[in-house]
Amino acid sequence: MAQVNSEEPVHNVPTLINQYIASSGKEEDLQAGEVYAQELASLINQSQLTMLGFIQNLGSSLTSDSDALRSKTVQCLASTLKYLIESSKISKQDVIVLIEFLLSKFDDKVSLQYTLEALKNLIQAKNFIPTLNNSLYKILSKLLDDYDPKKNLARIRYETFQILNYSLKLYLPKNQELDDLFVKVFIHIASGEKDPRNLIISFELNSSINQLLKFDIIDNELHKEFINELFDVCFCYFPISFTPPANDPYKITADELKLKLRITIASQSYFAKDSFSNLIEKLTSTNAIIRNDTLKTILLCIQSYSISSLEEYWITLWNALKFEILHNDISIFKSNLSTIIPQDYDQNIDDNDDNKCLILTLAIIETLATRLSKESDQLDNLIKTITNELQENLSSLKDKSKQATLLLSVIASISIESFDQIVAFLFSYKVWGKYVGVEQDNEIGTETEIEITSEAGDPPKEIDINQVQVQQQAQQQDDISLTTAKQRDLVDNIGYLIIGFQVLGNKETIDIIEKSHFDNYKDHLLLFLGQLLVTSSNIEKTLRSKVVQQLSKLTSLPKFLTSNEVKLIFGYFKDILITAITDTNENWEKDLVVREVISGIIINSNNNGDLVVEIIISNLLNLLDETNLNRFNKVLNVISDLSVNYQILEVLSIRLLNKINSIVQNDNSEKIKYLTLIIELFIKLITKIESSNQFLTNTWYKNFIPKLLKSILQVLPYDFVLIELTGYLIGLIIKFIDKSKHQEILIRFEKSFITNQNNEEFNGNLIEINQGWEYISIWNQILSNIDETASLTNSIEIAHQVINIIYKIDNTDEYLRIQYLQNLSLLFNKFIDNDEEINTCLERYLSPVLESQSQSQSQSQSQSQSQSLTPYSLLSFEIFVWILKSLVLRMNKIGLTYLTKVLDTFDNNQISIEVKRVIGKALKILFIDLSIYTNQTPEINPKNLISKVKNLKIKLLYKQQIFEIILPKLINNIESNNNSNTEIYLNSLSLIMEDLPKKILISHLSQILPLILTSLSLPKSKINPELLTSSLTTLNIIIEEDSKLIEPHLQQVIPILLKLSVNKFIVNRKLINNEEIRAKSLKNLILIFSTFGDLSKYKKSTLSELVVALDDKKRNVRKLACDLRQILYEL
């Protein structure tokens, strides 16, 4: 590779030129050549070298007989000129001389690319004056007369396009002669171009010519010819198709080429006479991509062409485009939406989709009508023409009535004037008026012609006027009567018109909308739709649901309906809901009409919230019957769906709280079920509404929580589910109370639950009762949701009292003990920060286990192995683990130290099997997810919480960090010394993995796989369902995430999975491989045989063993076995 010689003097021009010429065609050498060119330009800029001197140094090389030398010398000139574009060191005379020289080089084909490149650089030069010596005229003339694009490569043709590009940008329009010459040259160069990069510039130049240069096609024949040729030179490529080659250096895409061509066709209004007819012809294609491309181009033309062009061709366009809609299925346009033309349809719908053609057609008609409306007086003619053509389809509701209405609705949406004209047409008696009750303006018979004929040669018969009127009345009666199918179509058609009104409402002000003639027909619409809803059969679900959709849309139109009219519609909705609730139909929730009613009410909940509460919610609440649990549940389910804002929730908080008190006071054996349903509803609604539109619950703290607690705490006997749900609800409310009030809240509830100083909410002390109290779960949720900055007085004393209760709780009451243990954990997690106290407690409650073990070790080995842990030591260790959990959640250093200490004890082979089992099971507690340590509203970013509360003291990656500590210990214990306690460590790992996120497992699959294989290979006596379930789940993850890990072990894994699928593993009269395990085994086998190739050697044996599974008692297992056999047959 040629390199710059640092020892050469900087002004050694011949050396720099020779080094440039010596550079080869390699990329790195071209870069070096640019360095030499920059050096030469720098010398000229610094006046160390004149332009004349530079040319003289190039010398005879410019005219050398050697093609390579001559070509490289011209390239050196072109490259140097590139760095002199902004320089004043190239004089005007230099420019003239250089241009003359370069124009003389056009016959030198090997140098032509660099000659053109040099001319391109000179045109951009500071001292280039196009009129001086007619330089630009000479360049353009030379290109026209002595340059043949067909005989040159794409890279050479590229330079000519660049010359034209800079000429147009910098110097044109100039004068008519030069402008005309430029157009001639462009047409000469652009004709027949095929290179994508050149086509991009060609299309851009064509567009620029049309935008910058003026053409007179009336008085100037040449310009008329130019327009034809400019159109031909671009439209000949339409529709353009292009597949980029691999490693395309220019990164040109097919979409880019299509867009540039589209812009070019739309850049000249004079193209209209040719473009519209040619584009319409392309619409006959059956290829969706071509038709979509064509329609996009027509749309851009209509957006860009002059209004005079559109006035001339709108009828042509209408006649072509209407068939796109009238003769196609328009089911994609739903009458219950808020827009006909979807937003961002071009990005969201692929060009292969035929439905996109329909959308584009409507967009074109909308744009055409909009431009005629704003810039022309032709809109009335357009509407009159269209309505006359479509009237027949609309008046009799024929097959194309929906298509016709769709077209009219799009045009109606462009302005209030167009909307009023179309509304007046559609609601005229001869179209929709006769169906919706609009009175006929004329007497019967004035619009209907009846032809009276006689037989040939006979005199005309006497006309019976009465008979004629009867015939006319019968004919009109036939016209007015509608089949159910036509009723559905008419409702859809009305829906399209309402959409047009909605779209118009987004464009115009409400004041203008209020003046619309649509208001004149709303009474007819309400009566017609109301009658359909009331009188139609309940079997006609589709018709009734469509009516509901349109009534819902009418109520959502701003200021369109009066309050009484909205009440009328809501009354219909209320009746439908009440009928569904009181009906015995079990699938009422899936009823199409009910779902539409609920959707309609939700749409109106913000704009008509008061009426929703007054007419819908209040009446539904009146249906809450404490003697009918099924109906009670139905009502709450509907209310749950309808409650989407705080206004409704606030009403419910009053009405349902009263209902709770009423239920508590009544002597009803099922009162707990009723109360549970209400509490669950509140939890669901607060979570849902807070997630969409947050609100503070400060008022709930004073008005709702005390009354709720007072009622719930009267319920006997205790129901754990109800109490826990109540706690969850109170905690949720507290979370959304302003952070500044949380210390006050904690003090108040501490008095209620701990010090017994406030009896308004609770009468009793949770930590002074010997056997504990079930309401501790409510106190847990309060502590869980209190902000972390709040402090609890005497927290360590409270913790010790809680521990005393834990020791006293009945051994059979595991639920209550766990609740108090969770309370203890919360105290240490959020309120106890004294390291000395923490250390003391951990040591105190870990030591009973260690001491009992050390006592056993003083006996003989056989005695130590049989030594049982006392209930006291087990409870102490349980207390220790729950305190440890609270600490590792926030990655407290003392907690991590004691975790290591426990793991060291777990490692110790001198420790009894019983202690190892206890420790192994206890490790699961560190990973298990609890509601008190879980974000109740994961949809809301904690940083964006309206209350500013931060209630959880949990490190984000705590599970991953402690798993990184525990896993190596477990692996070491399993692998070392053929440990006889392997199943204990494997069981411990399996319990941990049940609560471990998949993303943590994935990063340790290679370490875990050997353990999984060991677990699956254990003897029957040492396995259990939990171990197998966890192992099979993890095996599934391994196969899905990193199949290469398991591939070497397939010979071992497949037989094991087959045995687990078809054999019975019974230990102590208990079936180990239950349905879940058999199903998981089969799923893993399916995944294996679907993932790995070349497993045909297992086909015969696997098919044979699977026969047993085909008779499995569980249908799920049988189905999976059949699926696996099918896969095997296809191997």
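The lining of the second largest cavity comes out as 8 nonpolar, no polar and no charged residues. This is a predicted model, so treat everything here as a reading of that prediction. The residues around the second largest cavity are Trp-318, Leu-321, Ile-365, Leu-368, Ala-369, Leu-382, Ile-386 and Ile-411. Helices α15 (307-326), α17 and α18 (379-395) are the elements that put two or more residues into that lining. The top contributor is α17, with 3 residues. As for volume, the second largest cavity comes to about 50 Å³.

## The largest cavity

How many cavities of 30 Å³ or more does the structure hold? There are 2, and the largest cavity has a volume of about 60 Å³. Its lining is made of 10 nonpolar residues, with no polar and no charged ones.

If you want to find the largest cavity on screen, pick out Phe-877, Phe-880, Val-881, Leu-884, Leu-899, Val-902, Ile-919, Ala-922, Leu-923 and Leu-926, which line it. Three helices each bring at least two residues to this lining: α42, α43 (893-907) and α44. Of the elements involved, α42 gives the most, with 4 residues.

## The largest pocket

Now for the open space. The largest pocket has a volume of about 830 Å³, and 29 residues line it. Tyr-933, Asn-935, Leu-952, Ile-954 and Leu-956 are the lining residues that lie nearest the centre of the pocket.

Helices α42 (871-889), α45 (958-975) and α47 (998-1002) each supply at least two residues to the pocket lining. Helix α45 gives the most, with 3 residues.

## Around helix α45

The side chains of Asp-929 and Lys-959 pair up, with N and O 2.9 Å apart.

Glu-975 is another residue of helix α45. With a relative accessible area of 55%, Glu-975 is exposed. Glu-975 and Leu-1011 are 36 residues apart in sequence, and their C-alpha atoms are 9.0 Å apart in space.

## Salt bridges elsewhere

Side chains of opposite charge can pair when their charged atoms come close. In total, the structure holds 46 salt bridges. One of them joins Asp-354 to Arg-291, with the closest N and O atoms 3.3 Å apart. Asp-354 belongs to helix α17 (residues 354-375) and Arg-291 to helix α14 (residues 288-304), so this pair ties together parts that are 63 residues apart in sequence. Asp-354 is partly exposed at 42% relative accessibility, while Arg-291 is buried at 11%.

Lys-567 and Glu-614 form another salt bridge, with their closest N and O atoms 3.9 Å apart. This pair links distant parts of the chain, namely helix α27 (residues 563-582), which holds Lys-567, and helix α29 (residues 609-621), which holds Glu-614, 47 residues apart. Both ends count as partly exposed: Lys-567 has a relative accessibility of 31%, and Glu-614 one of 44%. There is also a network of salt bridges that links Asp-67, Arg-70, Lys-105 and Asp-108.

## A buried arginine without a salt bridge

Arg-544, in helix α26 (residues 541-556), is buried yet has no salt bridge.

What does lie by the side chain of Arg-544 is a backbone atom. The backbone oxygen of Leu-533 is 2.7 Å from a polar atom of the Arg-544 side chain.

Note on methods
Residues are numbered from 1 along each chain as its sequence is written. This is a predicted model: local features need pLDDT of at least 70, side-chain atom pairs count only at pLDDT 80 or more; totals for chains, interfaces and linings use all residues. Side-chain values use heavy atoms; hydrogens and water are left out. On a 1 Å grid over the protein atoms alone, a cavity is a set of points where a 1.4 Å probe fits but cannot get out, and a pocket is an open set with protein on both sides within 12 Å along at least five of seven lines; lining residues have an atom within 4 Å of a point. Grid points are joined across faces, edges and corners, and a volume is the space filled by probe spheres set on the points. Buried means under 20% relative accessible area, exposed over 50%, partly exposed in between (1.4 Å probe, protein chains only). Lys and Arg count as positive and Asp and Glu as negative; His and the chain ends are not counted. A salt bridge is a side-chain nitrogen of Lys or Arg within 4 Å of a carboxyl oxygen of Asp or Glu. A polar contact is a pair of N or O atoms within 3.5 Å; within protein, one must be able to donate a hydrogen and the other to accept it, and residues adjacent in sequence count only if both atoms are side-chain atoms. Ala, Val, Leu, Ile, Met, Phe, Trp, Tyr, Cys and Pro count as nonpolar, Asp, Glu, Lys and Arg as charged, and the others, Gly among them, as polar.
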